[in-house]
Amino acid sequence: PPDPGEAGKATIEGIDSDQDGLRDDIQRYIALTYPDSEKTRTVLQHQALVMQKALLESHDKNKSLDNTEDMDRTTECLLYIHPDDAYKIGHALLAEVMNTDERSRAFIKYNSQLGGHNFRGKRIDEYKTSCKFDPDIMED
């Protein structure tokens with residue numbers, strides 16, 4: 001999609017010109033940062049969609065809890081694909097997603113909904129099952 005520029009920062013939703021649920025600026029970031037890895041682009045698109053949903057639903061505690069479960073699963077998938085640098089890749093994506101004060105405030109609100117809850121992760125040997133696609137058949 002085209003670069004949304006400053007107009008893409010006007011709302012939490014941003015601009016999604018192709019209506020796929022993924023903000024144009026994030027779609028461009030992923031495509032331009034990882035042009036040679038289909039599976040990395042795919043997992044980051046899934047993770048960005050969950051992050052965006054978490055921002056938009058940050059006012060609702062139950063939805064925040066559900067979004068955290070989804071976030072954990074996409075993180076596990078990313079760890080399966082990039083066991084050595086998943087956190088670096090994930091934090092870079094998070095920085096891109098939270099690129100305005102309004103988005104950062106929504107993220108803080110989302111996180112505030114999680115207090116007092118425990119979230120169980122999968123065992124390392126199960127991380128692949130957290131992927132909503134088969135990364136082993138995709139190009140690196």
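What span should the twelve residues of helix α4 (residues 86-97) have at 1.5 Å a residue, and how far apart are its end C-alpha atoms? The expected span, 1.5 Å times one less than the number of residues, is 16 Å, and the end C-alpha atoms of α4 are 16 Å apart, which agrees. Helices here are DSSP runs (H or I, at least four residues), numbered from the N terminus. The model is predicted: local features need pLDDT of at least 70 and side-chain atom pairs count only at pLDDT 80 or more, whereas totals for chains, interfaces and linings use all residues. Residues are numbered from 1 along each chain as its sequence is written, and side-chain values use heavy atoms, with hydrogens and water left out.

In α4, A86, I89, G90, L93 and V97 are buried (under 20% relative accessible area; exposed is over 50%, partly exposed in between, with a 1.4 Å probe and protein chains only). These buried residues fall within an arc of 95° seen down the helix axis, so they line one face of α4; the arc is taken from the directions from the axis to the C-beta atoms. Y87, K88, H91 and A95, on the other side of α4, are exposed. The buried face packs against α1 (24-33), α2 (38-56), α3 (61-81) and α5 (101-112).

Contacts of L93 (heavy atoms within 4.5 Å) include I26, Y29, L44 and M51, not counting residues up to four places away in sequence.

Key:
Helices (H or I, at least four residues) and strands (E, at least two) are DSSP runs, numbered from the N terminus.
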